[in-house]
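Dear colleague,

Please find below the structure that I am handing over to you, followed by an account of what was found in it. I would be grateful if you could read the account with the structure open.

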Amino acid sequence: MTVYSKPWSGRFTEPTDSFVEKFTASINFDYRLYIQDIQGSIAHACMLARVGVLSADECTLIVEGLKNIAQDITQGHFIWSEQLEDVHMNIEAALVQSIGSVGKKLHTGRSRNDQVATDIRLYLRDSIDTLCIQLQNLQIALLTLAEREYKTIMPGFTHLQTAQPVTFGHHLMAWFEMLIRDLDRFIDCRRRVNTMPLGSAALAGTTFPIDRFYTAELLGFETIAENSLDAVSDRDFAIEFTAASALLMTHLSRFSEELILWSSAQFNFIQLPDRFCTGSSIMPQKKNPDVPELVRGKTGRVNGHLISLLTLMKAQPLAYNKDNQEDKEPLFDTVDTVLGCLRAFADMIPSIKTHPDKMRQAAMQGYATATDLADYLVRKGISFRDAHEIVGKAVALAIEKNKDLSDLSLEELQKFSPSIGQDIFKILTLEGSVQARNHLGGTAPNQVKAAIERARKKLKPIQSQFLNLI
C-alpha cells in the first residue's frame, strides 16, 4: 500500500510518536466494523450524488471501489495498517489507492465521529437480530424438553430446601419466562439502536446540502438522530444492550447453577450429554459439567463490560472524546460471549436425560405436601394460622418417627385435628399435590401443557435485516 498521510496531518509539525501511534490505534479490534463501515460509506456516497455533491460517475467509481475492498477483506487479501489508526482510514486509504483522488471526496459532509457512531449502530443492530434468533432457538429447546417432561414430578425448592412438589416441565417453563423477558428487552433495545447519527459530522452538522432521510432509507434506519452533539457522543444504546445482555447472562447463570446441582451425584436428577462435559486428568470417574460452569463464569465477564461502559461515559463532556474508542472491545466481547453461551445451551438442552425416579424420591423427602395438608384443614373451616400450627406438629411427629406425612396413620393425624378424614391420603400424594394447583400459572400437568401451547404462540420469526448495499 502506498504511503497515505494522516487526514489531520496538515497542522502538525512532527510525526506521531511511534508508541503513541500504537497506543491510540484501534484497528486491532475495530476492523470488525468493516462491513458496516463500507455499507455506511456506500449509502453516504449515493446520497452525495443525489444532492449533486458527487457526479454520477464519481459515485459509481466510489461504490465499485468500496465493493471491491469489501471482497478483498472477506477473502483475506486486505492488509490492515496500524499507522492508519482505524478501520475508517484503512478503507479510505485503500479506496484512494484503488480509484485515485476521487476517493478523497467520499468523506465530504461527514466526520469519523458520526461515521463510527453509525458503524456501531449498524453492527449492533445486526448482532441483536442474530442474538434474538439464537435466543429463540434456546426457547424452542426448552419448550421441547418441557413438553417431554410436563408430568415428571420433582421437588420445588425455596432456600434450596424442599418446599412443594412441582413438575419438571413447570420448572423449565420458569426459565422460558425469563428468556421471553430477555427477548422483549433486546427487541425494545433494537428500536433505540436503529437511529441514524450520520449527517451530524464532527459535532455541529455540515454545510453541505445532505439528505439524511435518503441515507437513513438506504441503511434501513427507522429514525434519525435529531441533535448532532448527542448523535456523535451517545453510547446509551451500547450500555442498554450490555445491560440486557448482563441480565440474560444472569438468567443463564441461574440455569447453569441448577444444571450443575442436578447433574451431581448428590442430586442425580439429570444427565448432561457427554459431548458437553469433560473428564478429570487424575480421577477417571469424573464427568464435569464444564459448559454450564463456564457459562456461569462468563456472566461476570459481561457484568464487567456493563460497568466498564457506564464508567467510560460517566464524566464525558459533549461531544465526542477519544475515550469512546474504549467502547468497542467490551461491546464486541459481550456480543461474542452471549452468542456463544446461547448456542451452547440451545444445543445442550434437548439432549438432557432426566432421572424421574430420583426426582420423585427427592420430592418424597422434606415433607413437600405439608402445605397441602394445611390447605385441606382451611377448607374444613380452620383458620390458616391454626392449620399451619397443626401441620407443624404433624411434621414434627413424622420427623420423630422417620416417616413421610402420607405414611402417618389416620389416627396419628387425627390427634392434631379431628377434622382430618380418610380423604387426606389422596391429597398427600405427590400427584394429588401437583394436580391441585390447577390454575393459570400453576404446576398441574394440564396447566403446564397449556402454558407450553401459549408459549409456542408467543414465538415469532425474527427477521434479520441484512443490507444489500455490498
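A residue is called buried when its relative accessible area is under 20%, exposed when that area is over 50%, and partly exposed in between. With a relative accessible area of 34%, Glu-177 is therefore partly exposed. Please note that this is a predicted model.

Salt bridges

The structure contains 26 salt bridges. Glu-177 takes part in a salt bridge with Lys-458, with an N to O distance of 3.9 Å. Because Glu-177 belongs to helix α7 (residues 168-193) and Lys-458 to helix α19 (residues 445-458), this pair ties together parts that are 281 residues apart in sequence. Lys-458 is likewise partly exposed, at 43% relative accessibility.

A salt bridge is also formed by the side chains of Asp-336 and Arg-32, at 2.7 Å from N to O. This pair links distant parts of the chain, 304 residues apart: Asp-336 is in helix α12 (residues 328-348), while Arg-32 is in the loop between α2 (27-30) and α3 (34-50). Asp-336 is partly exposed, with a relative accessible area of 38%, and Arg-32 is partly exposed at 27%. Arg-32 has a further contact, as it lies over the face of Phe-332, at 4.7 Å from the ring centre.

Within helix α12, Asp-347 and Arg-343 are four residues apart, and therefore separated by about one helical turn. Their side chains meet in a salt bridge of 3.7 Å, N to O. Asp-347 counts as partly exposed, at 38% relative accessibility, whereas Arg-343 counts as exposed, at 54%.

Eleven aromatic pairs were found in a search of the whole structure. One of them is the stacked pair of Trp-175 and Trp-262, with 5.8 Å centre to centre and 10 degrees between the planes. Since Trp-175 lies in helix α7 and Trp-262 in helix α10 (residues 236-262), the pair ties together parts that are 87 residues apart in sequence. Trp-175 counts as buried, at 3% relative accessibility, and so does Trp-262, at 2%.

Phe-186 and Phe-241 form a tilted pair, because their ring centres are 5.7 Å apart and their planes lie at 55 degrees. Here too the pair links distant parts of the chain, with Phe-186 in helix α7 and Phe-241 in helix α10, 55 residues apart. Both phenylalanines, Phe-186 and Phe-241, are buried.

Ring pairs also link Phe-168, Trp-175, Phe-255, Trp-262 and Phe-345 into a cluster. Elsewhere, Arg-125 lies over the face of Phe-221, at 5.3 Å from the ring centre.

The hairpin

Strands β1 (residues 153-158) and β2 (residues 161-167) run antiparallel and are joined by six bridges. Gly-156 stands opposite Gln-164, which is in β2. The hairpin has two residues between the strands, and His-159 takes a positive phi near 60 degrees in it.

A nonpolar surface patch

Phe-19, Val-20 and Phe-23 make a nonpolar surface patch of about 340 Å². Phe-19 is found in helix α1 (residues 18-24). With a relative accessible area of 55%, Phe-19 is exposed.

Yours sincerely

How values were computed: Residues numbered from 1 in each chain as written. Predicted model: local features only at pLDDT ≥ 70, side-chain atom pairs only at ≥ 80, totals over all residues. Heavy atoms only, no water. Pairing = 2+ DSSP bridges. Patch = residues over 30% accessible without salt bridge, like charges linked within 9 Å, V, L, I, M, F, W, Y side chains within 5 Å. Areas by Shrake-Rupley, 256 points an atom, 1.4 Å probe, with all protein chains shown as cover. Salt bridge = Lys/Arg side-chain N within 4 Å of Asp/Glu carboxyl O. Buried < 20%, exposed > 50% of the residue type's maximum accessible area, 1.4 Å probe, protein only. Phe/Tyr/Trp six-rings, centres within 6.5 Å; stacked < 30°, edge-to-face > 60°. Lys NZ or Arg CZ within 6 Å of the ring centre and 35° of its normal.
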